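Visitor: Could you walk me through a few details of this model?
Guide: Gladly, let's have a look together.

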Amino acid sequence: MNFDFTPVLTDWVSLLHGAGVTVEVTVCALLLSCVLGLLIGIGHLNPQRKMLYGVCGVYLSCFRGTPLLVQLFIWFFGLPRFGILLPAFACGMLGLGMYSASYVSEVVRGAIQSVDRGQMEAARSLGMSSTQAMMKIILPQAFVRMIPPLGNEFIALIKNSALGSLVTIHDRMHEGQKIIGVSYRSLETYRVIA
């Protein structure tokens, strides 16, 4: 088998541009998933607040229970049927971010629950409100425990961003498809993209 990377390497500028778009989509989705995941994770901690707990549970079931590709297609192809037109970048960012937020929320919830209950009791006995205790005592300890699983989730987010090319985001996969369409060098192109 003879490998020829010349067609791929001659169009390295478009691949570099695609890599930049991939980073942009991933960073925007990452920010969305962190904020939304934190809110949902905290909201899914307390079953006594039935409405909030129920909404968070439905969100988690819907977004974790359906494939990411289907969610991206709903954002890109489904919303225009209701008169909502979003650019491909926004669809990709929202789809990736909301999908990832469902997993980030479970990381947040698990990390908060792993902090000893005595920490909250001690903070409350010092006169802190539940919110103050959560922000100043519990979350800083939980954050340290969140770092390894969040790192894994963010790596998965970068990998999942390749699906954005299917909703016409001009990321590295999309640029690679254009090179393959001209050169017919799919194996070489995919190796460079990977």
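**Cysteines and backbone angles**

Visitor: Is Cys62 buried, partly exposed or exposed?
Guide: Happy to start there, and please keep in mind that this is a predicted model. Cys62 has a relative accessible area of 43%. Buried requires under 20% and exposed over 50%, so Cys62 is partly exposed.

Visitor: How many disulfides does the structure hold?
Guide: A disulfide needs two cysteine sulfur atoms within 2.5 Å. For Cys56, the nearest cysteine sulfur is that of Cys62, 12 Å away, and Cys62 in turn has the sulfur of Cys56 as its nearest. The number of disulfides in the structure is 0.

Visitor: Is Cys56 buried or exposed?
Guide: The relative accessible area of Cys56 is 5%. The cut-off for burial is under 20%, so Cys56 is buried.

Visitor: Where does Thr168 lie, and what is its phi?
Guide: Thr168 sits in the loop between helix H7 (130–160) and helix H8 (172–183). Most residues other than glycine have a negative phi. Thr168 is not a glycine, yet its phi is positive, near 65 degrees.

Visitor: Is Tyr184 buried or exposed?
Guide: Tyr184 is another residue with a positive phi, near 60 degrees. The loop that holds Tyr184 runs between H8 and helix H9 (186–193). With a relative accessibility of 68% against a cut-off of over 50%, Tyr184 counts as exposed.

Note on methods
Residues are numbered from 1 along each chain as its sequence is written. This is a predicted model: local features need pLDDT of at least 70, side-chain atom pairs count only at pLDDT 80 or more; totals for chains, interfaces and linings use all residues. Side-chain values use heavy atoms; hydrogens and water are left out. Helices (H or I, at least four residues) and strands (E, at least two) are DSSP runs, numbered from the N terminus. Buried means under 20% relative accessible area, exposed over 50%, partly exposed in between (1.4 Å probe, protein chains only).
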